[in-house]
Each structure stands twice: as C-alpha cells, then as structure tokens.
Amino acid sequence: MNRFVSNFTNKLDSKGRVSIPASFRAVLARDGFEGLYVHPALDAQALDAGGNVLLNEIDAFLSTLSPYSDERDQLSTALFGTSEILKVDPEGRVILTDTVKVHAGIGDTVTFVGLGHKFQIWEPERFRAHLEEARTKVRDLKKALGTRMMEPRTVQNTSPGVRER
C-alpha cells in the first residue's frame with residue numbers, strides 16, 4: 001500500500017526520539033524521500049509529514065498561483081519556510097525539534113495519523129478531540145447528503161443519450 005492509514009500512539013524516549021510506525025516507514029521507503037519532511041499544519045495544532053508525494057502535492061498546489069503573487073509567497077512561507085527535514089535513524093526514529101513540538105503541543109507522547117498522501121503528528125488528547133469533532137461533522141454531512149438524496153428530483157422526458165433541440 002502506498003498510503004498512510006490508521007493511527008498509532010508512541011512515546012518519545014529519554015533522548016527525545018520517537019519511532020515512526022512501521023507501516024508509515026514502509027510508505028516513506030517506497031516514496032524514496034531521504035528523511036521526513038515536516039511542517040506545522042495550516043489549520044490544526046498538529047504537524048503535517050511525509051515525503052516526495054507530499055512535496056509534489058504542495059508544488060502542484062503552489063503552481064496554480066501566480067509566481068509573484070502575495071498568496072503564493074505567503075503559502076510558500078507557511079509550507080516551506082517553517083518546514084524541517086528530520087533525519088530518520090536506522091531504527092526508524094526521529095527527533096522532533098522544540099519548534100515543531102511547541103506548535104503541536106507535544107510532550108512525551110505523540111499520535112501518528114494517516115491521511116493517505118501524508119500523515120499528521122498530534123498530541124494524543126488534541127487528536128482525540130479533533131477526531132470527535134471530525135466524526136460529528138461527518139455524521140452531520142451524512143444526514144445532509146441523505147436528506148438531499150430524498151428530495152424529489154426533476155424528471156426529464158428524454159431518453160438517455162437523446163439531445164433536446
């Protein structure tokens with residue numbers, strides 16, 4: 001699988017290292033990125049992390065903006081100017097810097113959360129609250145979509161594939 005899925009909670013050791021989950025390391029290894037690219041999440045007190053796939057997605061998004069626009073500069077600053085490339089040791093551990101730990105409120109335990117093309121690193125209690133909020137929003141969305149599916153639709157009197165003139 002080439003996606004980050006599931007979530008895992010790991011403790012930082014006495015030297016401040018934390019083990020990246022084995023399934024996440026496998027995705028990173030297939031990705032070919034040396035190290036771990038990490039930046040503060042734009043919309044949460046968490047860290048976004050990944051490899052080449054994440055960087056390519058950021059580049060693709062930035063390329064939709066004018067090269068000299070304020071928006072592109074601001075996003076580049078937020079995504080590249082505050083990022084770090086962490087070294088992964090032979091045992092699959094990284095040392096989270098104080099800068100990224102402060103942004104995410106991380107103490108001695110972290111939760112790794114797979115988001116497909118990237119993963120996030122959270123302080124566990126903050127992740128639990130975020131997950132509950134996400135579940136509530138998904139339930140509300142499901143209800144809204146279900147209601148929309150029940151609304152009467154306008155039926156056209158044409159056969160499929162027949163154009164009206």
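This is a predicted model: local features need pLDDT of at least 70, side-chain atom pairs count only at pLDDT 80 or more; totals for chains, interfaces and linings use all residues.
Figure 1. Residues are numbered from 1 along each chain as its sequence is written, and side-chain values use heavy atoms, with hydrogens and water left out. Strand 3 pairs with strand 5 (residues 84-86) in the antiparallel sense over 3 bridges; pairing requires at least two DSSP bridges between two strands. Strands (E, at least two residues) and helices (H or I, at least four) are DSSP runs, numbered from the N terminus. Strand 3 is also antiparallel to strand 4, with 4 bridges, and Pro 40 has Leu 47 of strand 4 as its bridge partner. A hairpin of 6 residues connects strand 3 to strand 4.

**Figure 2. Both faces of strand 3 are covered.**

**Figure 3. Helix 1 and its buried side.** Phe 24, Val 27 and Leu 28 are the buried residues of helix 1. They lie on the same side of helix 1 because they cover an arc of only 100° around the axis, the arc being that of the directions from the helix axis to the C-beta atoms. These buried residues pack against strand 1 (7-11), strand 3, strand 4, strand 7 and strand 8. Exposed Ala 22 and Ala 29 are on the face turned away from the buried side. Gly 32, with a positive phi near 85°, follows helix 1.

**Figure 4. The largest nonpolar core has 21 residues.** A nonpolar core is a set of buried Ala, Val, Leu, Ile, Met, Phe, Trp, Tyr and Cys residues joined through side-chain atoms within 4.5 Å. Leu 36, Leu 96, Ile 106, Val 110, Phe 112, Phe 119 and Ile 121 have the most contacts inside this core. Elements giving two or more residues to the core include helix 4 (98-104), strand 7 (109-114) and strand 8 (119-122). Helix 1 gives the most, with 3 residues.

**Figure 5. Surroundings of Phe 119.** Not counting residues up to four places away in sequence, Phe 119 touches residues that include Phe 4, Phe 24, Leu 28, Leu 36, Leu 47 and Phe 112; contact means heavy atoms within 4.5 Å.

Notes. Buried means under 20% relative accessible area, exposed over 50%, partly exposed in between (1.4 Å probe, protein chains only).
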